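Please examine the structure shown below.

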Amino acid sequence: MMENMKYKRYIYSLFAVLFVSATLTSCTEEEGTDPGTDSVPSIIIYQYAASRPNNPDNDIVVRFAANNKTSEAYYLVEKTAEKETHVSSMGEEGYKDYVISNGVRIDGISGASNADVTITDLYGAYTITAVAVSGNVKSASEASFTGLEWNDVASGIYYFGASTNLINALGLTSTPTVLQVCTTDADLYRFKDVFGTGYSLKINLIDYRGSDESGEYQFFRIPVAETSFTYSNYGAVGVRDVGYWQGSDAWVTDNGYESGMYADHSCFLCIQYFVSAGNIGYGYDRFVAE
């Protein structure tokens, strides 16, 4: 009886070893399961916001990450509608060849490697396609980016009044600007170049309304934005509304620190100017439409 039990345990143990061995073998044969064991080339696209002096509305930083089977790689940037037309006419495999023939070879890609590329002046919807190559084997990946486009709404004068510190330091009083609306988002506006060339101020209309002696107005939010200004020895100046400053929408919608746009597109902006060390003033700037 004891010998039978030992024999059974031996059989069970042998079965378990064989099962685990078979399981491990099947796993390592799957593509991409274990790092460094992929059997085909691969490339992944990561997107990052472009920093100054680039224009984050229309420029983008792309990182291409290839695996160890990739010998070379190419990328192509096309209007999304044009890319879809090409794929429809030539198929996915044909489009890979099209990218290789018409795209840009990515410097620095060979084996497991990364390469960063800044792509500029994208207005509207674009698709970025990358193709990894190893001999006759090719694989593709893609990413999308929509560059903002704007239509003029009203010309006018922007009056600085919120930060006495900044006004006194820089002599800011007013500047001409154009209020524009985004072509793909009817609630997104900007005051073009109001803080210097390339430094526009975006505002987002929200579903709140109020009225005062000047008429009815629609509330809007002012997200964090950069300016071209510097203050004393404290460095770069940024702006935002009080809600973003205090970390609560209620400051804007319920506590009276709202910003608003009138029917003629004139605006009042309850805005804070700040540096890395802290607040340098908040109050009201104004835009008077012509």
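Ile44, Tyr46 and Tyr48 form a nonpolar surface patch of about 290 Å². Such patches consist of residues with over 30% relative accessible area and no salt bridge, where like charges are joined within 9 Å and nonpolar side chains (Val, Leu, Ile, Met, Phe, Trp, Tyr) within 5 Å. Accessible areas come from the Shrake-Rupley method with a 1.4 Å probe, and for residues only the protein chains shown count as cover. The model is predicted: local features need pLDDT of at least 70, side-chain atom pairs count only at pLDDT 80 or more, and totals for chains, interfaces and linings use all residues. Residues are numbered from 1 along each chain as its sequence is written, and side-chain values use heavy atoms, with hydrogens and water left out.

Tyrosine 48 belongs to strand S1. Helices (H or I, at least four residues) and strands (E, at least two) are DSSP runs, numbered from the N terminus. Tyrosine 48 counts as partly exposed because its relative accessibility is 40%; buried means under 20% relative accessible area, exposed over 50%, and partly exposed in between (1.4 Å probe, protein chains only). Opposite tyrosine 48 stands valine 61 in S2.

S1 and strand S2 (residues 60-66) pair in the antiparallel sense over seven bridges; two strands pair if DSSP finds at least two bridges between them. Strands of a sheet pair through backbone hydrogen bonds, either parallel or antiparallel. An open sheet of three strands, with antiparallel pairing, has the order S1-S2-S5. Its edge strands, S1 (43-49) and S5 (113-119), each pair on one side only.

Charged side chains provide the next topic. The whole structure contains eleven salt bridges, each defined as a side-chain nitrogen of Lys or Arg within 4 Å of a carboxyl oxygen of Asp or Glu. One of them joins glutamate 72 and arginine 105 (3.1 Å, N to O). Glutamate 72 lies in strand S3 (residues 72-79) and arginine 105 in strand S4 (residues 104-105), so this pair ties together parts that are 33 residues apart in sequence. Arginine 105 is partly exposed, with a relative accessible area of 48%.

Another salt bridge links lysine 96 and glutamate 93 (2.9 Å, N to O). Both residues lie in helix H2 (residues 80-102), three residues apart, which is about one turn of the helix. Lysine 96 counts as buried because its relative accessibility is 13%.

Finally, Asp57, Arg190 and Lys202 are linked in a network of salt bridges.
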